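Subject: Structure handover

Hello,

Please find the structure below, for you to take over. My notes on what was found in it follow.

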Amino acid sequence: MADSRTCDRTPDVEGRRAEPLIVTEDVELLDDLLRLCAAAGCQPVVHHGPPDRKTVWDAAPLVIVGDDAAARCRGMSRRSGVLLVGRDQDDAGVWRRAVEIGADCVLRLPDAESWLVDRIADVVEGVGRQALTVGVLGGRGGAGASTLACALAVSAARGGHRAMLVDGDPLGGGLDVLLGAEREEGLRWPDFAASKGRVAGAALEESLPSPRGLRVLSWDRGDTAVVPPEAMRSVLAAARRRGGVVVVDLPRRVDDATVEALAQVDMGLLVVPGELRAVAAAKRVASMVGMVLDDLRVVARGPYAAGVDEAWIAQVLGLPLAGELPEEPRLRATLDGGTPPGGSASGPLGRFCSAFWERVLAPEAVS
């Protein structure tokens, strides 16, 4: 199996074609490695011995050496991203051979299959900085969380960031409807309900509807209203690997799928209307969410009841204030006219979202 002390080094693959190199004459091992590469979404280059051209060895983003070929690879140049793979769990000499070829680590199949698929897929996708993931949820029903989630995603895309909007609330009516994209071609949550293993980030991104330059994963109009926790984990992990920003519209109830989503959220925004009952309800939501998410912030929304303002709401909830959501009296008319929340950069909601991203995103954080 993989030794975690030495297997976390990833070579710089920027600008290279992501085709791993396999070196082995072991037919059964090769079959296994080809199967794992297929699962990771790639077609490797295969050599039975060290490649004749040194550039093939040096340029490959990942080199997988079968234990049978280790002795023949001793003279190859030292580089990161070399893995020694075999099956014999009791071979005491394997570590010596790994040192001789400069391998990052030793893997034993079938134990390390899942780890190896992930490593190959990381190389294929050119994994870099993960997306900043923002979860939005309401302190009570009708708080405006879905509207804010859509506006944040639309604003991020308008700002030139890679953006994905994920509808994590199966009972919310569908964010594609709010965006006017319910008729756009692309996959919806029911298509991913059976996802358990690794989902390829590029394939996910390319399969989704793309209104206004952002990718949207929402619900169809069918009866499916449950996302298995495994599917939520796999899909969100794939979305985050693509970089940029991911905005997740979350339900107020914390079920297993929501816990999986919260585990991958970097920052949560709790939208709280300025009324006493809403604050009381939000306190219960914050208590449940806070057991999973460390960074939860308040977005206050007026108008406010007597004696209530944004600072008081944040103080009562014991959470930092992310901002005050501005009123937009013409929002309904704007939506009916086909413009999504935040679609106008000059509108109150658009300005709020632009200012939010300017605060939380470093210039180099998003590709």
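Arg 162, Ala 163, Met 164, Glu 205, Ala 239, Arg 242, Gly 243, Val 245 and Val 246 line the second largest cavity. Two elements, β7 (163-167) and β9 (245-249), each give two or more residues to that lining. Helices (H or I, at least four residues) and strands (E, at least two) are DSSP runs, numbered from the N terminus. A cavity is a set of points, on a 1 Å grid over the protein atoms alone, where a 1.4 Å probe fits but cannot get out, and lining residues have an atom within 4 Å of a point.

Before the rest, a note on the source: this is a predicted model, in which local features need pLDDT of at least 70 and side-chain atom pairs count only at pLDDT 80 or more, while totals for chains, interfaces and linings use all residues. Residues are numbered from 1 along each chain as its sequence is written, and side-chain values use heavy atoms, with hydrogens and water left out.

Cavities

The second largest cavity has a volume of about 40 Å³. A volume is the space filled by probe spheres set on the grid points, which are joined across faces, edges and corners. By class, the lining of this second largest cavity has five nonpolar, one polar and three charged residues. Ala, Val, Leu, Ile, Met, Phe, Trp, Tyr, Cys and Pro count as nonpolar, Asp, Glu, Lys and Arg as charged, and the others, Gly among them, as polar.

How many cavities of 30 Å³ or more are there in the whole structure? The search finds two.

Helix packing

Helix α5 (residues 145-158) packs on helix α14 (residues 348-360) at an angle of about 65 degrees, and their axes are 9 Å apart. α5 is therefore roughly perpendicular to α14. Angles of 65 to 115 degrees count as roughly perpendicular, those under 35 as roughly parallel, those over 145 as roughly antiparallel and the rest as oblique. Axes are lines fitted to C-alpha atoms, for helices over the stretch in contact, and angles run from 0 to 180 degrees between N-to-C directions. The crossing of α5 and α14 is right-handed; that is, the near helix is turned clockwise from the far one by less than a right angle. On the α5 side the contact (heavy atoms within 4.5 Å) includes Thr 147, Leu 148 and Ala 151, and on the α14 side Leu 349, Gly 350 and Trp 357 are among the residues involved. The contact of α5 with α14 has nine nonpolar, four polar and one charged residues.

The axes of helix α1 (residues 27-39) and helix α4 (residues 113-125) come within 8 Å and cross at roughly 55 degrees, so α1 is oblique to α4. This crossing of α1 and α4 is right-handed. Leu 33, Arg 35, Leu 36, Cys 37 and Ala 39 of α1 meet Glu 113, Leu 116, Val 117 and Ile 120 of α4. Of the contact residues, seven are nonpolar, none polar and two charged.

Helix α9 (residues 229-241) and helix α10 (residues 256-263) have axes that come within 8 Å and cross at roughly 20 degrees. α9 and α10 are therefore roughly parallel to each other, and their crossing is right-handed.

Backbone details

Which residues are joined by a cis peptide bond with omega of about 10 degrees? They are Leu 109 and Pro 110, and Pro 110 sits in the loop between β5 (105-108) and α4. Gly 302 and Pro 303 are likewise joined by a cis peptide bond, with omega of about 0 degrees. The loop between β11 (296-301) and α12 (310-317) holds Pro 303. Arg 212, a residue other than glycine, has a positive phi near 55 degrees and lies in the loop between α8 (201-207) and β8 (215-217).

Regards

Conventions:
1 Å grid on protein atoms, 1.4 Å probe; cavity = no way out; pocket = protein on both sides within 12 Å on 5 of 7 lines; lining within 4 Å.
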